[in-house]
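Thanks for coming, everyone. Please have the sequence and the model open while I talk.

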Amino acid sequence: MNIVVETPAHEAAVEKMVADAFGPDRFAKTVYRLRDGVGPLPSLSLVMVDGDEVVGTLRFWQVSIGGATPALLLGPLVAAADRQGQGIGSRLMEEGLARAAAEGHRIVVLVGDEPYYVRFGFTRALARRLKLPGWVDRKRFLARELVAGAMHGVSGMLARPGEAGEGRLAA
């Protein structure tokens with residue numbers, strides 16, 4: 001199995017995998033609304049392939065914190081249902097975070113299960129001064145510094161690039 005940058009040829013398989021994993025209600029979630037109308041970063045849209053089969057996906061999206069601090073929003077991370085437990089998600093996470101750091105990104109945020117993501121350095125403590133423009137289970141709102149101290153003094157609302165980071169997104 002290899003990790004490669006997602007191409008248009010992978011898109012249908014990625015979308016099906018995400019739909020199967022998260023269902024139709026995913027679009028109502030705050031993080032999906034932050035992604036609405038914004039594409040993922042091409043260089044950080046990764047797929048794991050086994051031959052010609054897409055067996056996992058990970059994407060990163062540009063956001064800002066408080067309208068001033070650039071960050072990445074991670075997700076979704078999905079392994080194909082019949083391939084779970086094979087380390088696909090872990091390999092994608094390690095590779096994605098390494099590539100993000102190599103590109104100079106400093107902060108990554110996500111909404112996910114802390115027991116899974118803590119092993120990759122994500123914590124609730126780093127996200128405690130951050131807000132999302134909609135409801136989120138605070139226990140699942142996590143952040144990680146790719147550069148030590150990158151979140152020192154950082155607080156505020158997450159927003160799409162170029163938005164002020166105030167208020168709520170329209171439903």
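This is a predicted model: local features need pLDDT of at least 70, side-chain atom pairs count only at pLDDT 80 or more; totals for chains, interfaces and linings use all residues.

Where is His 10? It is in the loop between β1, residues 2-5, and α1, residues 11-22. Buried or exposed? His 10 is buried, because its relative accessible area is 13%, and buried means under 20%. Leave out its neighbours within four places in sequence, and His 10 contacts Val 4, Val 5, Val 47, Val 49 and Val 54.

Ser 43 lies between α2 and β2. At 32% relative accessibility, Ser 43 is partly exposed. Its side chain makes a polar contact with the side chain of Glu 103, at 2.6 Å. Beyond four places in sequence, Ser 43 touches Val 5, Arg 99 and Glu 103. Ser 43 and Val 4 are 39 residues apart in sequence, yet 9.6 Å apart in space, C-alpha to C-alpha.

On to the cores. The largest nonpolar core has 28 residues. Those touching the most other members are Ile 65, Leu 73, Ile 107, Val 109, Leu 130, Phe 141 and Leu 158. Several elements supply at least two residues each, including α1, α2, β2 and β5. Which gives the largest share? That is β3, with four residues.

Look at Phe 141. Among its contacts, beyond four places in sequence, are Val 109, Ala 127, Leu 130 and Leu 158.

Methods:
Residues are numbered from 1 along each chain as its sequence is written. Side-chain values use heavy atoms; hydrogens and water are left out. Buried means under 20% relative accessible area, exposed over 50%, partly exposed in between (1.4 Å probe, protein chains only). Contact means heavy atoms within 4.5 Å. A nonpolar core is a set of buried Ala, Val, Leu, Ile, Met, Phe, Trp, Tyr and Cys residues joined through side-chain atoms within 4.5 Å. A polar contact is a pair of N or O atoms within 3.5 Å; within protein, one must be able to donate a hydrogen and the other to accept it, and residues adjacent in sequence count only if both atoms are side-chain atoms.
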